[in-house]
Amino acid sequence: MTPTPTAQLFAGLPLDRAEHLREDVAALAALWPQARVIRLDPEGHAAARADGEGLALASGREFVDRFAQATFLGLSGGTPWFALDADPAGWPHWIDLRSAGARFSPFEAGLFAYARALGLWQRRSRFCPACGHRLGFARGGHVAECGNCGLEHYPRTDPAVIVLAESEGRVLLGRQPNWPAGQYSLIAGFVEPGESLEDAARRELAEETGIVAGACRYIASQPWPFPGTLMLGFRAEAEFMPPRVGRELEDARWFSADDIRREVAAGRLRLSSRISIARSLIDAWLAER
């Protein structure tokens with residue numbers, strides 16, 4: 001039996017997103033004074049505690065006049081959570097999401113990921129793509145409305161497949177030229193229009209490595225807000241053949257489980273970060289062997 005990958009970081013957030021409250025501006029305003037507020041700088045970093053082990057949360061009472069700029073995230077145990085853009089000069093300690101993913105609790109890492117994804121979408125959605133008119137945000141920050149042509153715009157999430165291709169007891173790993181020395185990961189890429197997820201998985205393998213795959217099986221997904229991707233993890237049965245790399249990869253190789261363990265122990269191979277679904281899929285494959 002195939003081991004199930006561990007729960008993906010940023011996924012399974014125990015938060016009631018309370019969609020019914022997004023339309024009720026008066027209700028959200030009443031929640032604002034007791035809200036817990038995640039502050040984000042223009043680069044998507046969060047205000048952090050001095051020890052870097054968690055969010056430095058503010059209260060809505062500290063920003064009485066800024067409710068209209070806040071984004072409603074949801075409720076947890078009756079506590080309202082919001083996100084708010086902040087001046088980095090107003091707080092000494094800021095942290096990026098990748099670092100926070102390795103240090104924060106799963107709940108705070110998930111909240112940070114959610115807030116960051118919405119915040120980056122808002123910053124990149126200033127003007128209507130249909131008519132060029134300036135957009136305004138509504139429904140707790142989850143909808144961008146055009147006051148000129150009436151179109152509504154919603155947060156963008158881009159689906160991408162990530163594929164663990166296996167053949168004859170080996171797994172296919174590749175590396176991009178800009179990665180740290182010795183780092184390898186699974187093959188991944190965005191889903192194209194008119195394409196199923198399985199089709200995308202097979203196409204990405206063929207385009208990036210020349211490897212032909214057959215059956216593909218969905219395993220798990222992970223929100224990956226860098227800036228707004230949903231990673232969809234698959235395992236694929238592939239033909240065992242020499243990889244042929246193109247412009248996106250500088251190398252691709254087949255590794256046995258023993259190869260991976262030996263090369264990692266020797267410091268010659270670095271796998272994907274433990275916060276990623278790529279690492280989760282690899283670890284689950286290794287656990288079978």
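## Close-up views of a predicted protein model

**Figure 1. The whole protein at a glance.** The protein carries 32 positive and 36 negative side chains, and the centres of these two sets lie 4 Å apart. Here Lys and Arg count as positive and Asp and Glu as negative, with His and the chain ends left out; each charge is placed at NZ of Lys, CZ of Arg, CG of Asp or CD of Glu. This is a predicted model, in which local features need pLDDT of at least 70 and side-chain atom pairs count only at pLDDT 80 or more, while totals for chains, interfaces and linings use all residues. Residues are numbered from 1 along each chain as its sequence is written, and side-chain values use heavy atoms, without hydrogens or water. The C-alpha trace spans about 60 × 45 × 35 Å along its principal axes. Of the 289 residues, 49% are buried (under 20% relative accessible area; exposed is over 50% and partly exposed is in between, with a 1.4 Å probe and protein chains only). The protein exposes about 14,200 Å², and carbon and sulfur atoms supply 51% of that area (Shrake-Rupley method, 1.4 Å probe; for residues, only the protein chains shown count as cover). Among contacts between residues at least 6 apart in sequence, 65% join residues at least 24 apart (contact means heavy atoms within 4.5 Å).

**Figure 2. Aromatic rings in pairs.** A search of the whole structure turns up eleven aromatic pairs (rings of Phe, Tyr and Trp, using the six-membered ring of Trp, with centres within 6.5 Å; planes under 30 degrees apart are stacked, over 60 edge-to-face, and the rest tilted). One of them joins Y218 and F234: the ring centres are 5.8 Å apart and the planes meet at 75°, so this pair is edge-to-face. Y218 belongs to strand β13 (residues 213-224) and F234 to strand β14 (residues 229-238), so the pair ties together parts that are 16 residues apart in sequence. Are the two partners buried or exposed? Y218 is partly exposed, at 42% relative accessible area, whereas F234 is buried, at 1%. Elsewhere, ring pairs link W32, F67, F72 and F82 into a cluster.

Figure 3. R39 lies over the face of W91, 4.7 Å from the ring centre (NZ of Lys or CZ of Arg must be within 6 Å of the ring centre and within 35 degrees of the ring normal). Likewise, the charged end of R98 sits over the ring of F226, 4.2 Å from the centre of that ring. P227 is in the loop between β13 and β14.

Figure 4. How many of the eleven residues of α7 are buried? Nine of them are, and the helix is mostly covered. Among the buried residues are I277, L281, W285 and L286. The buried residues of α7 pack against β10 (158-167), β11 (170-175), β13, β14, β15 (251-256) and α6 (257-265). Now zoom in on I282, which lies in this helix (residues 277-287) and is buried, at 1% relative accessibility. Leaving aside neighbours within four places in sequence, I282 is in contact with L164, L173, L186 and L271. From C-alpha to C-alpha, I282 and E198 are 19 Å apart in space, and they are 84 residues apart in sequence.

**Figure 5. Two residues with positive phi.** Most residues other than glycine have a negative phi, and most peptide bonds are trans. A18 has a positive phi of about 45° although it is not a glycine. A18 is in the segment before α1 (19-22) and is buried, at 3% relative accessibility. E168 also has a positive phi, near 50°. E168 sits in the loop between β10 and β11 and counts as exposed, at 61% relative accessibility. Although E168 and R139 are 29 residues apart in sequence, their C-alpha atoms are 52 Å apart in space.

Note on methods: Helices (H or I, at least four residues) and strands (E, at least two) are DSSP runs, numbered from the N terminus.
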